[in-house]
Amino acid sequence: MADGAGPGVVQIDDMEFASARRELAGWQGHAWRAAACAFVLWHMWILLVAPIDPTVARAAHVFLGAALGFALFAPFAVQGAGGAGTRVPWYDWLLMIPCLLVPAHYILDADGIEMRSFMGPNWQDIAVGTVGILLVLEFARRTAGFVMPLIAVVFMAYCFVGPWMPGILFHGGIAFDQAVVELFNNNGVLGTIVQVSATFIILFVTFAAFLTASKAGDYFNDFALALVGRARGGPAKVTVVSGILFGAISGSAVANVVASGAFTIPMMRRVGYSRETAAAVEATSSTGGQITPPVMGAGAFIMAEVLGIPYTEIALAGLIPALLFYLANYIHCDLNARKAGIMGLKREDLPRWADLGRRVYMAAPLILMIAMLVLGYSPFRAAATGIAATIVIMFVTSLLHRLVLRREGLASGIGGALLELLRSIEVALVGSAKDAMQLIAVCAAAGLVAGVIGLTGVGGRFANMLLEIAASSEFLAMLFAMVVAIILGMGVPTTAAYAIAAAVVAPGLINIGVPALVAHMFIFYFAILSAITPPVALASFAAASMAGADMWKTSMIAVKLGLATFIVPFMFWISPALLAQGELLGILQAVFTAGCGVFLLACATEGWMLNGRLALPLRLLSGAAGLALMVPEGLTDLLGLAVGIGLLAWQYRAFPETRAA
């Protein structure tokens, strides 16, 4: 089939590991949408206008979100025509009652809770903590699958079995009441991770939802199509470029696959890409969205809070690795097209630049937000300004459409534009609430794990173990950190994978002398790359399902496409220049040589250079030269450049048709 559809294609939810989502109808659907809008507007009010007690805000954020989540997500995925249903069953209504009582406890007894944090909890604190933890586990299970709550339960059990654990896992044990209160309050569920979720994440998710409602994503896709659609293997390159542009407003790999895959995968299939290659290109490009500034994955906001540095520094540090990631993707697409003889799209099938120029205002909110971040404004102010700009653009666009094209009167046009704007705002608010559900749940569950690590002191002992490994080889310590981050990411959404790995591994890396930003970025990248790493490569599986492709073949091709990014974290560990740290000249040299290294590494993995096949010995030589160039050191750069130039000259002579290509 030209469009890439095939037997076995399934509907993909845009949330990682989520169970079945209900399609609420009737009065329940209207009530849920109204509650979702109120939930997001309340966050914007307390963040931008009238702040409230942080602990109360976090409790309301988690448990009002959980109440909405229990209405929207069924307990289990349901097969059949009826799906998960259109109504909320009685047992989920019962679950919502304690979700409302938990924040009420903090609102009504805020002073008492503060006082008892020094004197010891009462039975109400213990009861609320116990019920709250159970609700968080169920909320996470419904929105993020079994693995995340299972990890949290194992960690919580460790609080009580410590006296019987061997070696570095031993501790004296924690009393039940102490464990419940500590794991639920500001050191656990309602701690730093949820604080980030209730502030930065919810606001930027809302900004992304408003951009989506304004059709900015469609504009970015059209821009990418016009830019590279005619190039060799154009549709695959369009996927890469749109991944950069759309990834800049969406920090979820699966959401990116769902949003753009329906458009890009059939387009790639029509020009001759196999199902597996088309799905892998989409999965890899979508995964890169989480490391693409200005709006990186939610973990980047957690990183900024943990490190105590401005988010703009995180975004700047992520810029060069993101560019290298997409450069590698682009080169792989070009080499694959050369091997298969795949050409680009016809000019008449592409958007016109004149039309894109008339719609350039669609990118204004994103550009404005980036400018405000660069100028030093707070992320809150930047995101809020971007949302306001999006609302203005939606209104003016609708009004001009009515006045100029429909020839409506001024009063009628303004009234119609306002109604259309209100509908768009509702769509954006409801969409942001839906998108926030899983992030809230996994951040709360990750808070449980972080609480256990702090309460039992296992993080310090794990850091000592890393020190022992590093005594024999720092490289082995970094390799161990990589494996931990990828394994954690295979079972949970990447936000939670980063949060847990950062709590467990980052202190140890810092203790062995790795700079804090480098340690956290290292963990962050590998947590994200778990989305394309078998055996649980959710972005690859989602794209394969949309393309009707083999999941395992798709995953392996995706790993090949993203191979450079598996290496880049080790490179910025060796020299932070790839994180934009250091002198400008050194940074520019590192970027240039790393870009050349990415090219040679792609040639080695694809077995193709210029217009000819690369023999096995030359592939090995090309791979070695690529790795040498990616190490930001003068001698390795010179050796890699010399070998690379020699290989290009050899291929140029061996395949003369290159000269006419």
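**Architecture and local geometry of the predicted model**

L405 is exposed, because its relative accessible area is 61% (buried means under 20% relative accessible area, exposed over 50%, and partly exposed in between, with a 1.4 Å probe and protein chains only). The residue belongs to helix α17, which covers residues 379-405; helices (H or I, at least four residues) and strands (E, at least two) are DSSP runs numbered from the N terminus. Between L405 and E138 the C-alpha to C-alpha distance is 51 Å, at a sequence separation of 267 residues.

The structure is a predicted model, in which local features need pLDDT of at least 70 and side-chain atom pairs count only at pLDDT 80 or more, whereas totals for chains, interfaces and linings use all residues. Residues are numbered from 1 along each chain as its sequence is written, and side-chain values use heavy atoms, with hydrogens and water left out.

The chain contains 29 helices and 2 strands. Its radius of gyration is 26 Å, which agrees with the value near 26 Å that a compact globule of 661 residues would have; the radius is taken over C-alpha atoms, and the globule rule is 2.2 Å times the number of residues to the power 0.38. Along the principal axes, the C-alpha atoms fill a box of roughly 80 × 80 × 50 Å. Of the 661 residues, 56% are buried. Among contacts with a separation of 6 or more, 77% join residues 24 or more positions apart, a contact being defined by heavy atoms within 4.5 Å.

A total of 23 aromatic pairs is found in the structure. Rings of Phe, Tyr and Trp (its six-membered ring) pair if their centres lie within 6.5 Å; planes under 30 degrees apart count as stacked, over 60 as edge-to-face and the rest as tilted. F200 is part of helix α8 (residues 192-213) and F301 of helix α13 (residues 298-307), so the pair ties together parts that are 101 residues apart in sequence. Both partners are buried: F200 has a relative accessibility of 16%, and F301 has a relative accessible area of 2%. The rings of F522 and F570 form an edge-to-face pair, because their centres are 5.2 Å apart and their planes stand at 85°. This pair also links distant parts of the chain, with F522 in helix α23 (residues 516-529) and F570 in helix α26 (residues 563-574), 48 residues apart. F522 is buried at 0% relative accessibility, and F570 is buried at 9%. A single aromatic cluster is formed by F200, F204, F301, Y311 and F380.

Helix α24 (residues 538-547) is largely enclosed by the rest of the structure, because 8 of its 10 residues are buried. These buried residues are A539, S540, F541, A542, A543, A544, S545 and A547. Their cover includes α11 (253-271), α12 (275-288) and α25 (551-561). After α24 comes G548, which has a positive phi near 70°.

Most residues other than glycine have a negative phi. K215, however, has a positive phi near 70° and is located in the loop between α8 and α9 (216-228). L610, likewise not a glycine, has a positive phi of about 55°; L610 is placed in the loop between β1 (608-609) and β2 (612-613).

A further loop residue, L169, is situated between α6 (147-161) and α7 (176-184). L169 is partly exposed, because its relative accessible area is 32%. Although L169 and V458 are 289 residues apart in sequence, their C-alpha atoms are 6.6 Å apart in space. Leaving aside residues up to four places away in sequence, L169 touches Y158, G162, V458 and R461.
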